[in-house]
Amino acid sequence: MGDMTDLTPPRVLTVAGSDSGGGAGIQADLKTMMALGVYGMSVIAAVTAQNSLGVQGYWELPPEAVRAQLDSVLGDIGAQAIKTGMLASPVLVETVAEVLAGVDAPVVVDPVGVSKHGDALLAPEAVDTVKSLLLRTATVVTPNLWEVSQLTGVKVEDERDLRRAADAILELGPTWALIKGGHLPGAPVDLLTDGTREFRFTAERHDNRHTHGTGCTLASAIASYLALGEDVPAAVEKAKAYVTGAIAHGFPLGRGIGPVDHAWRTRP
């Protein structure tokens with residue numbers, strides 16, 4: 001830590017899966033962090049073989065490899081925020097949760113269950129570990145509606161169900177819940193609450209199917225703004241603005257679903 005000066009940007013660590021196609025996972029996280037002016041670091045929990053058509057396979061890293069990466073980064077460099085994504089198995093969720101329980105930096109948990117293509121990225125038996133160990137380490141947890149029902153059994157059918165869903169998530173121990181209502185009919189609404197304060201974020205719906213990486217990108221953007229010193233509501237608001245632009249600028253890639261554009265603010 002000795003020589004770090006004002007020249008060293010805030011550091012953000014992502015603990016997630018690698019997406020060989022570059023649009024989601026570790027790759028999306030690092031691109032987002034660079035776009036938002038923080039220094040990104042990565043702990044790879046799983047490797048996916050993945051492209052615009054879907055996930056063709058994934059391989060978990062051994063828990064000791066994940067633990068060693070965490071110890072290397074946190075022991076030497078430290079982090080002003082941490083983001084978790086695809087953790088795949090109960091033992092990896094447990095390994096990461098154990099380390100995060102001892103960390104002071106804000107933690108953004110994206111409780112990844114399935115990919116945009118519907119491919120499972122979390123073993124069914126790992127859901128309980130996420131519920132019992134991981135969510136209580138979270139400053140903010142960012143489930144979509146499918147993940148809400150996977151974690152709590154609450155089915156969100158319209159905007160009125162969002163608060164019930166958020167309260168069910170908060171019972172699992174995170175400080176804030178951001179329930180992403182993008183899959184509801186009508187204008188997309190996200191609900192952010194800590195159980196007392198409540199914020200609703202609406203965005204226009206972009207008629208663009210190139211949305212691969214949206215969830216990873218949002219969680220990383222929130223972590224980046226927290227590292228830059230924003231409080232949770234402001235971090236979520238700024239992250240939403242970044243992601244909305246990235247979706248609007250999503251582009252075709254391969255023969256399937258293209259990615260959001262992480263570089264949309266700087267692309268000529």
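Helices α1 and α7 are oblique to each other, a label that follows from the cut-offs used here, since angles under 35 degrees count as roughly parallel, over 145 as roughly antiparallel, 65 to 115 as roughly perpendicular and the rest as oblique. The model is a predicted one, in which local features need pLDDT of at least 70 and side-chain atom pairs count only at pLDDT 80 or more, while totals for chains, interfaces and linings use all residues. Residues are numbered from 1 along each chain as its sequence is written, and side-chain values use heavy atoms, with hydrogens and water left out.

Helix α1 spans residues 25–35 and helix α7 residues 214–227, and the two pack at an angle of about 40 degrees with their axes 9 Å apart. Here helices (H or I, at least four residues) are DSSP runs numbered from the N terminus; axes are lines fitted to C-alpha atoms over the stretch in contact, and angles run from 0 to 180 degrees between N-to-C directions. The crossing of α1 and α7 is right-handed, meaning that the near helix is turned clockwise from the far one by less than a right angle. G25, A28, D29, T32 and M33 of α1 make the contact with C216, T217, S220, A221 and S224 of α7, where contact means heavy atoms within 4.5 Å. These residues divide into four nonpolar, five polar and one charged (Ala, Val, Leu, Ile, Met, Phe, Trp, Tyr, Cys and Pro count as nonpolar, Asp, Glu, Lys and Arg as charged, and the others, Gly among them, as polar).

P90, V93, E94, V96, A97 and L100 of α3 meet T129, V130, L133 and L134 of α4, a contact of eight nonpolar, one polar and one charged residues.

On a 1 Å grid over the protein atoms alone, a cavity is a set of points where a 1.4 Å probe fits but cannot get out, a pocket is an open set with protein on both sides within 12 Å along at least five of seven lines, and lining residues have an atom within 4 Å of a point. Grid points are joined across faces, edges and corners, and a volume is the space filled by probe spheres set on the points. The largest cavity holds about 40 Å³ and is lined by G85, L87, V93, D110, P111, V112, L122, V130 and L134, of which seven are nonpolar, one polar and one charged. The second largest pocket has a volume of about 180 Å³. Its lining comprises 14 residues, with K31, D261, H262, A263 and R267 nearest the centre.
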